[in-house]
Amino acid sequence: MLYDAPACPYCARVRIVLAEKRLDWETVEIDLRARPSWVYDLNPLGRVPILDDGFVLPESAVIMEYLEERSPEPALLPANPAARARARLAVFRFDSLLGDDYYAFRRGEPNELELRLEQLPVGLSLFSDFAYVPWVLRARDRFGFELPPALDEWVEGLSARPSVARELEVVGAL
Ligand SMILES: N[C@@H](CCC(=O)N[C@@H](CS)C(=O)NCC(=O)O)C(=O)O
């Protein structure tokens with residue numbers, strides 16, 4: 001079971017990985033503006049995504065790691081240990097490399113989102129690319145950011161994958 005919210009880019013990470021690994025999950029949509037109190041029983045922080053796979057697991061990056069280990073094929077992390085570490089580091093640093101400025105922009109606060117988009121650590125692995133692409137799609141399609149050409153190409157490449165194409169539809173409907 002995936003406790004999900006369409007607008008949530010952290011949930012989008014998990015939706016993409018589930019689709020890539022062709023895992024079929026039931027989804028419970030959570031309305032974050034009228035959140036049921038039982039969500040706090042599953043995750044004391046009250047946040048989605050939350051995966052229930054016989055045990056309850058919040059935190060999108062941890063869920064991604066779990067799914068990569070639970071269902072290793074197709075692999076989203078590279079085989080080489082150094083390359084795996086670099087991809088994981090990119091996800092670990094998500095807040096400083098994108099999230100902090102993205103959410104500062106959303107709050108109307110000073111931000112360097114344009115610079116962050118220029119310097120995004122993309123192309124290290126599918127794993128880290130899927131961890132970043134939900135915010136890039138929203139920056140472009142919801143907030144009108146013109147992406148640097150290399151990033152635009154990266155999005156185009158990923159959009160050929162049904163898992164990401166589906167997320168383009170989700171963003172288009174927000
Ligand atoms: N670190 C969490 C962040 C998840 C998160 O912030 N989800 C948002 C929706 S996009 C949420 O549930 N917000 C409700 C809240 O913060 O109260 C993750 O990676 O899963």
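An oxygen atom of the ligand is 3.0 Å from an N or O atom in the side chain of R47, a polar contact (a pair of N or O atoms within 3.5 Å). This is a predicted model: local features need pLDDT of at least 70, side-chain atom pairs count only at pLDDT 80 or more, and totals for chains, interfaces and linings use all residues. Residues are numbered from 1 along each chain as its sequence is written, and side-chain values use heavy atoms, with hydrogens and water left out.

**Ligand contacts**

- A polar side-chain atom of R35 lies 2.8 Å from an oxygen atom of the ligand.
- V48 uses its backbone: an N or O atom there lies 2.8 Å from a nitrogen atom of the ligand.
- Taken alone, the ligand exposes 510 Å², and the protein buries 75% of that (accessible areas by the Shrake-Rupley method, 1.4 Å probe).

**Ligand surroundings**

- C8, P9, Y10, L32, R35, R47, V48, P49, E59 and S60 surround the ligand (a heavy atom within 4 Å).
- This shell has six nonpolar, one polar and three charged residues.
- Here Ala, Val, Leu, Ile, Met, Phe, Trp, Tyr, Cys and Pro count as nonpolar, Asp, Glu, Lys and Arg as charged, and the others, Gly among them, as polar.

**Aromatic pairs**

- The count comes to 10 aromatic pairs (Phe, Tyr or Trp rings, the six-membered one for Trp, with centres within 6.5 Å; planes under 30 degrees apart are stacked, over 60 edge-to-face, the rest tilted).
- The rings of Y10 and F94 have centres 6.2 Å apart and planes at 75°, so this pair is edge-to-face.
- Y10 is in helix α1 (residues 9-20) and F94 in helix α5 (residues 94-106), so the pair links distant parts of the chain, 84 residues apart.
- Helices (H or I, at least four residues) and strands (E, at least two) are DSSP runs, numbered from the N terminus.

**Backbone features**

- V48 and P49 are joined by a cis peptide bond, with omega about 10°.
- P49 sits in the loop between α2 (39-42) and β3 (50-52).
- The peptide bond from E73 to P74 is also cis, with omega near -10°.
- P74 belongs to the loop between α3 (60-70) and α4 (81-92).
- R22, a residue other than glycine, has a positive phi near 55°.
- The loop between α1 and β2 (27-29) holds R22.

Note on methods:
Polar contact = N/O pair within 3.5 Å; in protein donor to acceptor, adjacent residues only side chain to side chain.
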